[in-house]
Amino acid sequence: MSKRLPVVVGVSGASGAALADRVIERLIALEHPIELIATSSARIVWRQEQGYPWAEAVARWQASGLITEHNPNNQAATIASGSYPVYGMLIVPCSMGTVAALAAGFANNLLLRVADVTQKEGRRLVVVPRETPLSSVHLENMLRLSQRGVRLVPPMPNFYARPTTVAEVVDFVAARALVGLGLSPELDRNQQWAGLELE
Ligand SMILES: Cc1cc2nc3c(=O)[nH]c(=O)nc-3n(C[C@H](O)[C@H](O)[C@H](O)COP(=O)(O)O)c2cc1C
């Protein structure tokens, strides 16, 4: 698959705005074009967690020349059609509301429509679901997604690497998500398990 095809990044209203920030920064560093969709809830969470408006972040990323942002209400956007070529899609972070809609095939915003299209076209879909604790309905919905080939990468810390900052954990989850999408060949050396010898 060509590295030049854009990646769709969907940002929903779960906690973990920093994860979206890190994933987008990494994709820009890898020189991947990005088709970006943030739900209205994602913008609220972004302001709360990052301390500045979503639009400011988009303006910063747009300096790369790699970002096309879409209105989440625009079901007529290019990426709403399977005929528009994209590599795959990453939803980071993914709320339980969006997980439920994905599981049901419900598509009343652009993010959900593109996720639906991604699946029908057999493209890669990686979801970073965030909620705690998880209820049975959350787990059932995630199982349905997993059984359909959606890759679930929950933001779980790599405790075995003894991270000392949130940024290290965010880096690890972002790298894991990109490996899941098949865009980043491997984790950074310091994120890989080096193995232990049994005594
Ligand atoms: C600060 C904040 C944090 C939230 N964190 C989560 C979360 O971690 N997981 C979740 O499923 N919903 C969370 N929500 C609730 C969602 O934003 C809400 O269910 C919303 O309708 C999701 O819509 P979306 O999936 O279209 O973005 C949070 C809301 C706020 C305001």
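# Reading a loop, helix pairs and a ligand site

Tutor: Glu31 sits in the loop between H1 and strand E2 (34-38); helices (H or I, at least four residues) and strands (E, at least two) are DSSP runs, numbered from the N terminus. The model is predicted, so local features need pLDDT of at least 70 and side-chain atom pairs pLDDT 80 or more, while totals for chains, interfaces and linings use all residues. Residues are numbered from 1 along each chain as its sequence is written, and side-chain values use heavy atoms, without hydrogens and water.

Student: What is the phi of Glu31?

Tutor: Most residues other than glycine have a negative phi, and most peptide bonds are trans. Glu31 is not a glycine, yet its phi is positive, about 65°.

Student: Which peptide bonds are cis?

Tutor: Pro93 belongs to strand E4 (residues 88-94). Another runs from Thr132 to Pro133, with omega near -10°. Pro133 is in the loop between strand E5 (124-129) and H6.

Student: How do H4 and H6 pack?

Tutor: Two packed helices are described by the angle between their axes and the distance between the axes. For H4 and helix H6 (residues 136-147) the angle is about 50° and the axes are 9 Å apart (axes are lines fitted to C-alpha atoms over the stretch in contact; angles run from 0 to 180 degrees between N-to-C directions). H4 is therefore oblique to H6 (under 35 degrees is roughly parallel, over 145 roughly antiparallel, 65 to 115 roughly perpendicular, the rest oblique).

Student: At what angle do H1 and H7 pack?

Tutor: Helix H1 (residues 17-29) and helix H7 (residues 166-181) pack at about 60°, with their axes 9 Å apart. These two helices, H1 and H7, are therefore oblique to each other.

Student: Which residues are around the ligand?

Tutor: The shell (a heavy atom within 4 Å of the ligand) consists of Ser12, Gly13, Ala14, Ser15, Thr39, Ser41, Val45, Ser95, Met96, Thr98, Arg130 and Glu131. Helix H2 (40-50) and helix H4 (96-104) each supply at least two residues of this shell.
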